[in-house]
Amino acid sequence: MGDGSVAPRLGNMKALLGIVAGAGASYGIYKLISGGSFKRNKKSATSESPGVRSSHPSEVTLQPGTLLAKVSGLDVVCPRPADVASADIIHQSPGNLEPQHLKMLLSCLQTSNNPSDRCRILLTLGNAAAFTVNQNLIREFEGIHIIAGFLSDPAAEVRVQTLNALNNLCMNIQNQEQIKVYVPQVLELIEMSPVNSDLQLGALRLLTNLSVTDKHQHLLKESITLLLSLLVVSNEALQVQALKVLVNLSSNPDMMDDIVQAQAPASVVLLFDARTATTVLLRLLTFAGNLKAWRPSAQVADELRRKQDCLFRVMLDESSQLHSRLIQLLSHPDGEIQAQVARILT
């Protein structure tokens, strides 16, 4: 079949992307909507979408002010005055996607040679995955493995959108069974990516969702040192996300032995300071409270004291600075921080 049959399919896909991208909640959309414009083919079926009109057989007219006109990569063609009165704001939701649309997007994702197009497709799939019905459909269409394949995409922004899509898909317990196999690759992304990058943030968000229950937490046993190291080198947003994972893990008594034995930078304890951002300090105190609730036997405590630079020595041993720093935080201006410190000390 010649080019005349392929162009309509690509045109429909791009119109679909434009509609859904604007309705989703995934962060980073502002980076994508400023990309180059798409050309539409003569056979585009635009009459099915409200707010989209065809004023000429070879062009698509987007009504100014509509959601599609704001977020789509399509060229905006000013309508004739007669069309203006009938323009309506489009209220489309990713939850309205039909199964065949999801199949089409997954197929296009696998064949796209353009990083910008891959980003748009992944963004759309990620937005759609905010709905349970689509989470299930994407899994049934083998979409999780297709999407996860782009964790190694050469383009960093494609990898970011891949992580965002997997993050939404991970809200589904059945999907976690498939996503968990990519944990080593996600941890490698954190370790190899620039500090404070969107890649690190997206990877940590995925690990946060995967570690909400204790079913897959054991997969993160070897990541404790990495997470603790991020606390002392990253910005507030990344610190908060790393601490969300650490709080999840430390809420599980079965994980505590691995946590307290992990190597930790001595400077972690310096974060217990009034100058630390409140959002970070609150989660740091929750993490410390979980650690303090752990009661090792005398024999285990002696063994841990002989481990160089382990978290036990940095935060739990009698020689740690943590106790004195907690005392100072009792006078913190934030009442919730004061209350948390009091609970830990008593």
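Reader: Are Trp294 and Phe312 buried or exposed?
Author: Both Trp294 and Phe312 are buried, and in this predicted model that word stands for a relative accessible area under 20%.

Reader: How many aromatic pairs does a search of the whole structure find?
Author: The search finds 1.

Reader: What makes the rings of Trp294 and Phe312 a pair, and is the pair stacked or edge-to-face?
Author: The ring centres of Trp294 and Phe312 are 6.4 Å apart, and the limit for pairing is 6.5 Å. Their planes stand at 85 degrees, and planes over 60 degrees apart count as edge-to-face. The pair is therefore edge-to-face.

Reader: Why is this pair said to tie parts of the chain together?
Author: Trp294 sits in the loop between helix 16 (278–292) and helix 17 (298–305), whereas Phe312 belongs to helix 18 (residues 311–316), so the parts that are joined lie 18 residues apart in sequence.

Reader: How do you know whether Asp273 and Arg325 form a salt bridge?
Author: The N to O distance between the side chains of Asp273 and Arg325 is 3.7 Å, and a salt bridge requires the nitrogen to be within 4 Å of the carboxyl oxygen. The two side chains therefore meet in a salt bridge. Asp273 is in the loop between helix 15 and helix 16 and Arg325 is in helix 19 (residues 322–329), so this pair ties together parts 52 residues apart in sequence. Asp273 and Arg325 are buried.

Reader: What makes Asp258 and Lys221 a pair that links distant parts of the chain?
Author: The side chains of Asp258 and Lys221 meet in a salt bridge at 3.8 Å, N to O. Asp258 lies in helix 15 (residues 256–261) and Lys221 in the loop between helix 12 and helix 13 (224–233), 37 residues apart.

Reader: Why are Asp258 and Lys221 not called buried?
Author: Buried requires a relative accessible area under 20%, and exposed requires over 50%. Asp258 has 26% relative accessibility, so Asp258 counts as partly exposed. Lys221 has 34%, so Lys221 is partly exposed as well.

Reader: How many salt bridges does a search of the whole structure find, and which residues are joined into one network?
Author: The search finds 8 salt bridges. One of them is between the side chains of Lys180 and Glu177, at 3.1 Å, N to O. Relative accessibility is 28% for Lys180 and 29% for Glu177, so each counts as partly exposed. Returning to Asp273 and Arg325, their salt bridge has an N to O distance of 3.7 Å. As for the network, salt bridges with shared partners join Glu177, Lys180 and Lys215.

Reader: How does the reach of helix 9 compare with what is expected?
Author: Helix 9 (residues 156–169) reaches 20 Å from its first C-alpha to its last, close to the 20 Å expected at 1.5 Å a residue.

Note on methods
Residues numbered from 1 in each chain as written. Predicted model: local features only at pLDDT ≥ 70, side-chain atom pairs only at ≥ 80, totals over all residues. Heavy atoms only, no water. Phe/Tyr/Trp six-rings, centres within 6.5 Å; stacked < 30°, edge-to-face > 60°. Helix = DSSP H or I, 4+ residues; strand = E, 2+ residues; numbered from the N terminus. Buried < 20%, exposed > 50% of the residue type's maximum accessible area, 1.4 Å probe, protein only. Expected span 1.5 Å × (residues − 1).
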